[in-house]
Amino acid sequence: MSTRRLAPILLYHKVGNPPRGARVPGQCVSPGLFAKHLSWLARAGYETVSLSRLRAWDWPPPEKPVVITFDDGYECLHRHALPALREHGFTATVFLVVEGIGGTNTWEVAAGDVEEPMLSVEQIREMQAAGIEFGSHTLTHPHLTEVSPERARREVAASRARLEDLLGRPCATFAYPYGDWNQEVREMVAEAGYAVACGTRRAAARPEDDALVLPRINIRRYNVLPRFRYKLWQAERRAR
Ligand SMILES: [Zn+2]
């Protein structure tokens with residue numbers, strides 16, 4: 001049993017500097033700041049666990065567990081996040097938009113954003129071999145509560161099947177695009193066989209939380225170290 005029974009789940013998107021014209025530059029944490037976040041977590045005694053391991057809370061747990069997650073699966077994770085994670089022996093969970101693999105962020109381009117490359121199959125396999133976990137973030141990144149139930153069900157279930165083929169292992173974790181979910185969508189996630197899913201409520205996760213809508217802490221470009229530490233502190237306080 002963990003003495004704390006509390007784990008902050010951090011949400012990152014991109015590690016890199018924002019391209020010119022980026023609509024949401026706040027999603028790009030610079031490699032230097034990301035390295036500072038990881039160094040601080042290590043110094044503060046945090047140990048990373050993958051999201052699928054967190055769900056049971058009954059393994060010999062670290063004193064201070066933390067989960068690092070990345071949404072969407074941008075290529076910059078291979079270039080900038082993987083080396084930094086490796087340096088600390090940290091793991092992380094990356095939620096992939098399945099139809100974006102080896103391609104670009106078409107759902108963001110459609111909304112007027114800059115085109116950016118996504119992780120390739122080879123990069124995903126290399127990261128998996130280095131201990132990174134992959135989960136589903138649907139096929140095409142829709143608002144699941146706004147598309148038809150048939151489409152939503154396919155986005156949730158078919159993405160899991162395709163990832164299991166690609167990764168050669170079970171895919172137990174899911175993240176709702178835009179943090180957008182309702183009871184019907186949550187039910188689809190349960191039916192598709194996922195064990196853990198992340199929403200975007202800001203708090204640290206506890207064992208008594210609904211495992212299919214776990215809270216997460218959105219980490220942004222402007223979260224220099226004091227702000228980063230404050231966000232963790234605040235999330236842990238909220239969870240108590
Ligand atoms: Zn996303």
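## Basis of the model

Residues are numbered from 1 along each chain as its sequence is written. Because the model is predicted, local features need pLDDT of at least 70 and side-chain atom pairs count only at pLDDT 80 or more, while totals for chains, interfaces and linings use all residues.

## The largest nonpolar core

A nonpolar core is a set of buried Ala, Val, Leu, Ile, Met, Phe, Trp, Tyr and Cys residues joined through C-beta atoms within 7 Å. A residue is buried if 20 or more other C-beta atoms lie within 10 Å of its own, exposed if 12 or fewer, and partly exposed in between, with C-beta atoms placed from the backbone. The largest core holds 66 residues, of which Leu10, Val67, Leu77, Val189 and Ala197 touch the most other members. Helix 3 (residues 76-88) supplies the largest share of this core, 5 residues. Helices (H or I, at least four residues) and strands (E, at least two) are DSSP runs, numbered from the N terminus.

Beyond its neighbours within four places in sequence, Leu10 is in contact with Val66, Val67, Ile68, Thr69, Ile217 and Ile219. Contact means that two C-beta atoms, placed from the backbone, lie within 7 Å.

## Helix 1 against helix 3

Helix 1 and helix 3 pack at an angle of about 25°, with their axes 10 Å apart. Helix 1 is therefore roughly parallel to helix 3. Axes are lines fitted to C-alpha atoms, for helices over the stretch in contact, and angles run from 0 to 180 degrees between N-to-C directions. Angles under 35 degrees count as roughly parallel, over 145 as roughly antiparallel, 65 to 115 as roughly perpendicular and the rest as oblique.

On the helix 1 side, Pro31, Phe34, Ala35, Leu38 and Ala42 meet His80, Ala81, Ala84 and His88 of helix 3. These residues divide into 7 nonpolar, 2 polar and no charged. Here Ala, Val, Leu, Ile, Met, Phe, Trp, Tyr, Cys and Pro count as nonpolar, Asp, Glu, Lys and Arg as charged, and the others, Gly among them, as polar.

Serine 39 lies in helix 1 (residues 31-43). Serine 39 is partly exposed, because 14 other C-beta atoms lie within 10 Å.

Aspartate 72, in strand 5 (residues 65-72), has a positive phi of about 90° although it is not a glycine. Aspartate 72 counts as buried, with 24 C-beta neighbours inside 10 Å. Tyrosine 178, another residue other than glycine, has a positive phi near 60°. Tyrosine 178 lies in the loop between strand 8 (173-175) and helix 7 (183-191), and counts as partly exposed, with 14 C-beta neighbours inside 10 Å.
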